[in-house]
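Please walk me through this structure by questions and answers. Keep it plain.

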Amino acid sequence: MSGGLVLGIELGSTRIKACLVDADDPSRIVATGSHEWENRLVDGLWTYDLDEVWSGVTAAYADLGTAPERLAGIGVSAMMHGYLAFDAAGGLLVPFRTWRNTNTGPAAAELTGLFGVNIPLRWSIAHLHQAVTDAEPHIPRIASVTTLAGYVHERLTGRRVLGVGDASGMFPIDPATRDYDAELVRRYDELVGDRLPHPLAELLPEVLVAGRPAGELTAEGAALLDPSGVLQPGATAAPPEGDAGTGMVGTNAIAPRTGNVSAGTSIFAMVVLERPLGAVHEELDVVTTPLGDPVAMVHCNNGASEVAAWAGVFGRFAEAAGTPLDTDAVYEALFREALAGEADAGGVIAYNHLAGEPIAGLSEGRPLVVRPPDARLTLANLMRAQLYGVFGTLALGMRVLDEEGVALERMYAHGGMFRTAGVAQRFLAGALGAPVTVASDTASEGGAWGMAVLAAFAARSTTGDTDLAGYLDDAVFTGPAPATADPDPADVAGFGAYLDRYRAGLDVERAAIPAVSTTPSREEEQ
């Protein structure tokens, strides 16, 4: 490959983003585009309408502001896990069930016992098995199951495949074969018997590691992206990946003893393992890098959405007071104010749980701000508590990794939360007790840029080169070293005190679930 443009698309929880890069220098971002969307709670389940997938992808592509006739490469990433089930004709059998749903507890518990590995509530196999257990009417007609990235990729290329990182959030991966664990597939088929119309292996997408060919953009796919007809087919497609994999690539954290934190609607940490975990932990699940190497994942369903809600409140206050500020200015002011807060947030505790949080033992979410009467409620302490709250559940899971003796030399962070330089990065370093690095020029582009890098890697060779680590070092991360924040001892101690109160106060969260009912959605009211 020489020259051209490569497109990365990522369907995140609140934004669909497109990122166009130079095929020969993926660190050079040519254009970006985005489209906002939001999940909906329908009949008690979190979902997105698939029509909104395509209107959003088209809008993000158009927002690039340029209309290339050809692309050298293309790649699709999306939020991992969840449940998209189709019949033999490709018809969607039930509305898309996202990673955010927590109705799969019985299935996840049964499969964890059967497999001897942790199966979280959000994994695709947990969703599938819950539907089987509940004898849902669509099960006899099921012909395939995939993720959101796999679905979009198939519509663009005609190939039903997944990158191994995304596939590892559907079903456990055997690190030796870098494919679904055959023994566990056998156990599952034996468990369900004739309750499924096909063996599990026939339902799941084919697994590919990074660098392997995953098809080409078809004429139909090009028309979906660009209804104007300018874009032509033929771009080499990378294996579709999950947001965890693109986060690892986007931060160059795919080697053992490295890790990354992605903070968005959800927040999760990934640490590449040198050895298998010593025990099964409900706080940790093992997924893989885009090459199939094992990674310990601490996944929290709730991230920065509650911070965004508070930013909206203060933005409206500024407008009502006659001094309107744009969104970025509101965030900048609030984040900078948090730096003036006390190291332990002055006794203020903030829970960001909009949805259920398995690590915290919460079946549903109830965002709360709680404080004893003698706490110092100031704007600085409130905002520090809110930012600490984003990292609260994550820190509970990371403590388990510490107890396992997992070594961590480098932790990278990405996501829009880190756009205000030096604030969330500093607090995360204090929460983890480890240095945190943010690559400022790509942090806000996140997974769309990481997916563009994977697409450039796939397009550079027709031989299926899989030396991703070498490619990242030699062709992508060649610029100046990004900024690193070392943990401040005062922040470490302050966050530790905050986390002790946070953990103890989870009883308040649990009590709020039955005591405070949710507001019916518009769909439910209709």
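Q: Is the crossing of α3 and α6 right-handed or left-handed?
A: This is a predicted model, in which local features need pLDDT of at least 70, side-chain atom pairs count only at pLDDT 80 or more, and totals for chains, interfaces and linings use all residues. Residues are numbered from 1 along each chain as its sequence is written, and side-chain values use heavy atoms, with hydrogens and water left out. A crossing is left-handed if the near helix is turned anticlockwise from the far one by less than a right angle, and right-handed if clockwise. For α3 and α6 the crossing is right-handed.

Q: Which residues of α6 make the contact with α3?
A: Helices (H or I, at least four residues) and strands (E, at least two) are DSSP runs, numbered from the N terminus, and contact means heavy atoms within 4.5 Å. From α3 come I125, L128, H129 and V132. Their partners in α6 are Y188, L191 and V192.

Q: At what angle do α3 and α6 pack?
A: Axes are lines fitted to C-alpha atoms, for helices over the stretch in contact, and angles run from 0 to 180 degrees between N-to-C directions. Helix α3 covers residues 124–133, and its axis is 12 Å from that of α6. The two are roughly parallel (angles under 35 degrees; over 145 is roughly antiparallel, 65 to 115 roughly perpendicular, the rest oblique). The packing angle is about 15°.

Q: Are α2 and α6 roughly parallel or oblique?
A: Helix α2 (residues 105–115) packs on helix α6 (residues 182–192) at about 125°, with the axes 10 Å apart. That angle makes α2, relative to α6, oblique.

Q: Which residues of α6 does α2 meet?
A: On the α2 side the contact uses E110, L111, L114 and F115. On the α6 side are L184, R187, Y188 and L191.

Q: Which residues have the most contacts inside the largest nonpolar core?
A: A nonpolar core is a set of buried Ala, Val, Leu, Ile, Met, Phe, Trp, Tyr and Cys residues joined through side-chain atoms within 4.5 Å. Buried means under 20% relative accessible area, exposed over 50%, partly exposed in between (1.4 Å probe, protein chains only). The largest core has 66 residues, and those with the most contacts inside it are L128, Y188 and L468.

Q: Which helix gives the most to this core?
A: The core in question is the largest, with 66 residues. The helix giving the most, with 10 residues (446–459 is its range), is α14.

Q: What is L468 in contact with?
A: Neighbours within four places in sequence are left aside here. The contacts of L468 are then A210, V249, I254, P290, L291, L454 and F457.

Q: How many residues of α9 are buried?
A: The buried residues in α9 include D243, M248 and V249. Helix α9 is mostly covered, the count being eight of its eight residues.

Q: What is the phi of N252?
A: Most residues other than glycine have a negative phi. N252 sits in the loop between α9 (243–250) and β15 (258–263), and N252 is buried at 14% relative accessible area. Its phi is positive although N252 is not a glycine, at about 55°.

Q: Is A345 buried or exposed?
A: A345 lies in the loop between α11 (327–339) and β19 (349–351), and its phi is positive, near 65°. With 0% relative accessibility, A345 is buried.

Q: Is A481 buried or exposed?
A: A481 is placed in the loop between α15 (468–476) and β23 (483–485). At 71% relative accessibility, A481 counts as exposed.
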